Amino acid sequence: MTRKLFGHISLSWVSAVLALIFPILTATYAFRPQSVSHLRAIGSSPSSALLVLRILSEVGSVMLAATIAAAFNTLQIILVARNNPPRGLGFLDYLVLQEGSGFSSLVSIVVWRGKVGIVTRLYSVVRLIAIALVPVLNIVVMSNVETRATFYRVETTPVYGFGIGTFNASLARLWAPATDLLYSTGFNEFVSDTTRTVDITEGSNRENCARRNHARIGSDCLTTLFGAQNWTYNTETECGVYGSELFPFALCLRNGADGLVQAHLTLCSLTLNFDKCFNSTAWRDGDGWSTSVRTSYRRATVAYGRFNGTILSHTFSNIPTIDASINATELLQAFDIILGADSSNTTLISPFAVFGSRMPAPPYFIWWYFHGIDALPRNDAAGNARAVAGLQSLLTLTIYHCQAKDFVDLERGLGFDNSTAIGSAILSVFPTTEPDTAILPAVLRYNIVVGRRSLIAYVVLSGVSWLLCAAILLAGSVSPVVRKAKDTTAFPTLDFCTKCEVRDDIGAEVSKEQLSGLDILTTKERTIAIAKMKVRLLQALYKAWSWHRS
């Protein structure tokens with residue numbers, strides 16, 4: 001008797017199962033995209049990664065919409081087939097639950113000022129929520145999503161190179177002859193050099209605070225960096241004056257109580273006599289630009305571009321950060337070597353000989369850079385930001401190159417060994433260190449990153465909706481009441497015409513001719529008339545069900 005009924009119900013359960021599977025796949029992919037993003041078809045581009053999320057969510061939404069429709073159809077059968085008073089279902093309620101009732105019809109029932117029951121209005125609200133639920137789910141899951149580059153190793157056997165080493169001020173003597181090449185006119189761009197540094201400033205601080213790199217540069221905000229800080233320097237021992245009598249500037253370095261290297265750079269006023277700039281100490285910690293440096297070691301996996309060597313991405317490990325404090329006195333000694341070298345160490349001699357100086361070119365580059373900013377108004381935020389970035393670059397450029405790895409790379413490139421006297425003599429100059437950083441080729445893939453709140457909202461909305469629909473379908477599958485609807489088809493309108501009857505408020509059957517006669521009434525009168533009618537199963541179906549049960 002109920003073979004076709006359960007055949008229809010089984011199709012409803014197919015859509016219900018798929019409506020469960022695809023949201024789970026969507027949530028899983030959104031939570032752990034790396035499980036499949038290594039596949040070229042999925043993670044080869046940002047659009048491919050987003051397309052997979054869109055396909056999963058769209059299919060899940062379609063299946064959920066089908067499940068919701070089946071649930072409302074089953075709910076109609078349950079309410080129409082019930083035998084306990086009041087028998088049947090209100091005709092207006094039946095139409096509200098009907099799948100063909102559109103958005104405008106449901107809204108008109110909700111805002112109707114006539115005598116429409118609260119249950120009918122509630123059914124309309126539920127139907128409206130069901131209609132809006134599918135697009136809302138898609139909006140929620142795609143509302144806060146972006147793609148992130150991820151790299152997957154191609155080979156498992158690494159070669160080894162050199163990571164960041166320890167600071168050693170004495171190494172400045174080795175590369176002092178190349179000072180002009182390392183600093184040059186672009187010294188101020190070191191912290192923005194994407195082949196060596198990466199900005200790790202967090203979120204909202206990125207626009208307001210100074211740039212940071214692997215050495216945690218610039219912990220103070222830019223708005224507080226101009227002018228003399230509350231840092232007190234011993235201008236005799238903690239400050240150095242560089243440049244010539246025409247272009248002097250002072251760099252002061254000291255260690256703070258918290259391990260920071262506190263730096264301050266000041267230009268000597270041209271109104272002073274030339275000899276006072278070098279002999280006087282009063283101006284060295286005056287108005288200028290200040291920043292602070294905190295250095296530490298933090299292990300990370302870094303991806304570099306194979307064509308230009310830029311840093312493409314980085315991921316920090318869970319290994320605790322190791323302090324790598326730098327002695328400010330030693331750092332100042334490195335600047336004395338670098339900026340105080342004589343002309344025998346510089347590649348640019350003749351252009352500055354007219355100034356009567358044997359100093360190398362970098363002090364002039366540095367002075368010229370800050371002199372241009374000093375000409376701007378003191379409250380120029382952009383100019384002050386450039387000055388701080390230049391000071392940070394000056395510090396980190398020196399720290400970066402005063403490590404043994406630079407010279408080990410140079411030693412390898414020279415190609416000398418200890419087999420000759422010349423080779424032994426050259427190699428003895430360079431420091432030694434062992435490679436400690438694994439290098440592996442990798443392929444670029446893209447992962448999606450879905451906001452945690454969006455993902456939770458998607459899971460909750462789809463999960464609750466599915467559970468409600470599943471409960472209704474399960475009630476329709478196991479309840480004997482639904483079996484009254486013998487041979488229910490997949491077409492609700494056909495079932496209504498062949499299995500149901502409409503009765504008025506006194507229990508009399510309403511014929512099709514009487515229903516057709518409602519067309520002459522106004523919309524309001526027609527709605528009131530329908531609200532008084534009920535839909536029930538045909539009496540013959542009740543009798544057939546009772547006979548089979550007995």
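One term before we start: contact means heavy atoms within 4.5 Å. What does S462 touch, not counting residues up to four places away in sequence? P23 and L137.

Now the ground rules. This is a predicted model, so to speak: local features need pLDDT of at least 70, side-chain atom pairs count only at pLDDT 80 or more, and totals for chains, interfaces and linings use all residues. Residues are numbered from 1 along each chain as its sequence is written, and side-chain values use heavy atoms, with hydrogens and water left out.

Stay with S462. It is found in helix α17. Helices here are DSSP runs of H or I with at least four residues, strands are runs of E with at least two, and both are numbered from the N terminus. Is S462 buried or exposed? Buried, because its relative accessibility is 7% and the cut-off for buried is under 20% relative accessible area. Exposed means over 50%, and partly exposed is in between, using a 1.4 Å probe and protein chains only.

V460 is partly exposed, at 46% relative accessible area. Together with I456, V464 and L468, V460 makes a nonpolar surface patch of about 360 Å². Patch residues have over 30% relative accessible area and no salt bridge; like charges are joined within 9 Å, and nonpolar side chains (Val, Leu, Ile, Met, Phe, Trp, Tyr) within 5 Å. Areas come from the Shrake-Rupley method with a 1.4 Å probe, and for residues only the protein chains shown count as cover.

Now the whole chain. There are 21 helices and 16 strands. Of the 550 residues, 43% are buried. The accessible surface comes to about 29,300 Å², with 59% of it belonging to carbon and sulfur atoms. Take the contacts with a separation of 6 or more: residues 24 or more positions apart account for 71% of them.

G165 is one place to look at that. G165 sits in the loop between β3 (159-161) and α7 (172-175). At 28% relative accessibility, G165 is partly exposed. Leaving aside neighbours within four places in sequence, G165 is in contact with Y297 and Q403. G165 and T433 are 268 residues apart in sequence, yet 9.1 Å apart in space, C-alpha to C-alpha.

On to strands. Two strands pair if DSSP finds at least two bridges between them. Strand β6, residues 261-267, pairs with β7 in the antiparallel sense over five bridges. V261 has V293 of β7 as its bridge partner. Why is β7 largely enclosed by the rest of the structure? Because five of its five residues, 289-293, are buried. W289, T291 and V293 point one way, S290 and S292 the other, and all are buried.

There is also an open sheet of four strands, in the order β1-β16-β14-β15, with antiparallel pairing. Its edge strands are β1 (89-90) and β15 (509-510), each pairing on one side only. Two bridges join β1 to β16, residues 534-537. G90 stands opposite K534 there.

Last topic, salt bridges. The rule is a side-chain nitrogen of Lys or Arg within 4 Å of a carboxyl oxygen of Asp or Glu. How many salt bridges does this rule give? Three. E58 pairs with R54, closest N and O atoms 2.8 Å apart. Both lie in helix α3 (residues 46-81), four residues apart, about one turn of the helix. E58 is partly exposed at 27%, and R54 is partly exposed at 41%. R196 pairs with D193 at 3.0 Å. E146 pairs with R148 at 3.9 Å, and E146 is partly exposed at 46%. That's the tour.
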